[in-house]
2 protein chains.
Amino acid sequence: MLIVKKFGGSSVANKERVYNVAERILEDYKKGHKVVVVLSAQGDTTDELIAKAKEINPNPSRREMDMLLTTGEQQSVSLMAMALENLGYPAISLNAFQVKMETTSVYSNARLKRIDSERINSELERRNIVLVTGFQGVNRYDDITTLGRGGSDTTAVAIAAALNADKCEIYTDVEGVYTADPRVVKDAKKIDEITYDEMLELASLGAKVLHNRSVEVAKKYGVELVVRSSLTSAEGTIVREECKVEKMLVSGVAGDKNVARIAVVGIKDEPGKAFELFSLLAKNNINVDIILQSIGRDGTKDISFTVPRDVLEDAKKVIEDNLGRLCAQKVEYDDQVAKVSVVGAGMASNPGVASLMFESLYDSGINIKMISTSEIKISVLLDEKDTERAMNAIHEGFKDRF
Amino acid sequence: MLIVKKFGGSSVANKERVYNVAERILEDYKKGHKVVVVLSAQGDTTDELIAKAKEINPNPSRREMDMLLTTGEQQSVSLMAMALENLGYPAISLNAFQVKMETTSVYSNARLKRIDSERINSELERRNIVLVTGFQGVNRYDDITTLGRGGSDTTAVAIAAALNADKCEIYTDVEGVYTADPRVVKDAKKIDEITYDEMLELASLGAKVLHNRSVEVAKKYGVELVVRSSLTSAEGTIVREECKVEKMLVSGVAGDKNVARIAVVGIKDEPGKAFELFSLLAKNNINVDIILQSIGRDGTKDISFTVPRDVLEDAKKVIEDNLGRLCAQKVEYDDQVAKVSVVGAGMASNPGVASLMFESLYDSGINIKMISTSEIKISVLLDEKDTERAMNAIHEGFKDRF
């Protein structure tokens, strides 16, 4: 069997953890499997390098930042190779150049285009354990790029796809994907299986277990993912196209506090005004999530929508600068909101989900400010202070449906 | 003009020093020159990485060690690029892969074979200041190699040769090459010009200003070197094929304490015995320096020779293991010795140098244990405790000849 394993930075933060991971790697290697391991930079290395850069230049170019940050993963893979050698096993570390991990040219947020599997395959043929730097790539000009935070997940999935691996295991510090964040909802249960689409919704709704793009790549190439703990031998969560166990109604509840609401009140009710607003925001790279348009009166309408809270200031500036063009009476901002969602592939064919969700919130006296639905999720906007209570209430309401 | 500048690790150890070097770089760039800069890893980075590796594996493979250590230079060049960008100048950092710095396959001590000047040239054409990682290369299998300690000097000289640069400046923490180590001989004077051959002798005799191999490469390709301080604007020392100023008798006095003497007493006086001894040592990678063979008596002879003190234990083992084959009566070891040398291209045609040297030592009551001469140097072996006194006495004796 050919297995790709990915370990995050905290899993290799110090000598003890490096050896712990080495043992996990060897479990499969000793069984005769071929093993490729993708590693992130150790512990806080990336943050330390960023601090070092900012000390020199508060606003460094992305190209040089990528050049700097990618040294972190190179250190991880070489140290892991040394640990495996010390245990008496053959290992070889490879960086993005060496496996020709070609990406687009966008520094700090590149997308993987192509991996040359030749080098990795030839090392596997020699029975080497192959350790590959996560997070990084090389563009067509031979310049070093990075895939953005969490990009090592994507590296692992892409390698698994390129090598046609039998399994791709993403190791984290939790035992898998949960029906809700276990730190918030104490009854949260580990999910045994989940579909790519559900995982994508969960990831984008605030569950931080997997890098969103890694799930997209896994779905595109049909790579079966396993999310599991690097500290225990628990089974973990399988992410695949279709779940083999009987489909549960919902697979999880997610909460996201990186949300702010903007209400543009009294826009002239004529065609193109909403388009004008959202195209302005898009031009400024501001992602809009839930949108609600009310039928107004006196020839005006109100549009409210949410944006990530960390771009609220940018959004404010764009809107204030264009108030005249938009012909709006006033704009209101609210950064004390949060989004809580339920996700589940079984939801599409079951109209009872929304009402059960709303009932759970009503029973707890929680006010809903906005609602947004898709085929496999329902999101509600509520006061930030209600987030944890809402997650628990909804989780409790669906407890027999997970 | 195209200028290659090399700065060592201590010159870029922290933010202040990085900016100090940035200003030195800009002096020439602002005049319209093309500037390529070779950097070592910051301050103690290399030692810290070695410590990190040894913690994981006391005896790591050289391949993985090279993979680890080369991250240090990559951090240096990217941080320097950020500093230059912050000052408003265009800069680009490049690692060994990017400039196709091809080396032999020997990890941790590779030799440079070829540099692709295309990338560097095209960046220079765009008026970028080009920052290249010193010390590292890539072998024909795409694996990362290093050139050994001090290898960044060689990187700089090789780049200067490949680009046909007008100048190659090696910046250090002293103002140039001195007639003796200024910390030992207070009257030591900076040398204005010195030939490649003299510099090679001085370097191999213990003067630690330039990496030996960098001088070999400079000589081979006729690259004119300037050794100068990164802290002052003093002129420095020019290293070239022939010196333009009137040739001085001697150019410098060097002391080396990494020496031990071995005396093999009472070897059977028959052909091949000396050969046997030295081929045994060579096979075990032990370099022998001064050799002295005495005419013995009773059909035996004595051979004494010096080895670097840090391989004395290895040499001991080889000799003890082979005492029977050598048919020697006994072996004596002395690790309390040092070598003091005078170097000078003018020496060859001037027979008075040796006697002046011996006279200076005699006047100071210093005993000479062994003597070795070449075309352009004379070395004597003496008690380690006499080293500094001998260097001063010889320097004083030659004071009108520098």
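At what angle do helix α2 (residues 45–56) of chain B and helix α3 (residues 62–86) of chain B pack, and how far apart are their axes? In this predicted model, the angle is about 145° and the axes lie 9 Å apart. The crossing of α2(B) with α3(B) is right-handed. On the α2(B) side, B:Thr45, B:Thr46, B:Leu49 and B:Ala53 make the contact. On the α3(B) side, B:Met65, B:Leu68, B:Leu69 and B:Gly72 take part. Of the residues in this contact, 5 are nonpolar, 3 are polar and none is charged.

Chain A holds an open sheet of 8 strands with mixed pairing. The strand order is β3-β6-β2-β1-β9-β11-β12-β10. Strands β3 (91–94) and β10 (193–195) of chain A form the edges, each pairing on one side only. On average, neighbouring strands of this sheet are turned by 20° against each other, direction ignored. Helix α3 (residues 62–86) of chain A lies across β2 (34–39), β3 and β6 of chain A. This helix runs at about 165° to β6(A).

Chain A is assigned domain 1 (2–172), domain 2 (260–334) and domain 3 (337–397). The centres of domain 2 and domain 3 of chain A are 25 Å apart. Their contact takes 7 residues from domain 2 and 6 residues from domain 3. On the domain 2 side, β14 (260–268) and β16 (300–307) of chain A each give two or more residues. The residues of that side comprise 3 nonpolar, 2 polar and 2 charged.

Note on methods
Residues are numbered from 1 along each chain as its sequence is written. Chains are lettered from A and ligands numbered from 1 in the order in which they are written. This is a predicted model: local features need pLDDT of at least 70, side-chain atom pairs count only at pLDDT 80 or more; totals for chains, interfaces and linings use all residues. Domain bounds come from an automatic or database domain assignment. Two residues are in contact if their C-beta atoms, placed from the backbone, lie within 7 Å. Helices (H or I, at least four residues) and strands (E, at least two) are DSSP runs, numbered from the N terminus. Ala, Val, Leu, Ile, Met, Phe, Trp, Tyr, Cys and Pro count as nonpolar, Asp, Glu, Lys and Arg as charged, and the others, Gly among them, as polar. Axes are lines fitted to C-alpha atoms, for helices over the stretch in contact, and angles run from 0 to 180 degrees between N-to-C directions. A crossing is left-handed if the near helix is turned anticlockwise from the far one by less than a right angle, and right-handed if clockwise. Two strands pair if DSSP finds at least two bridges between them.
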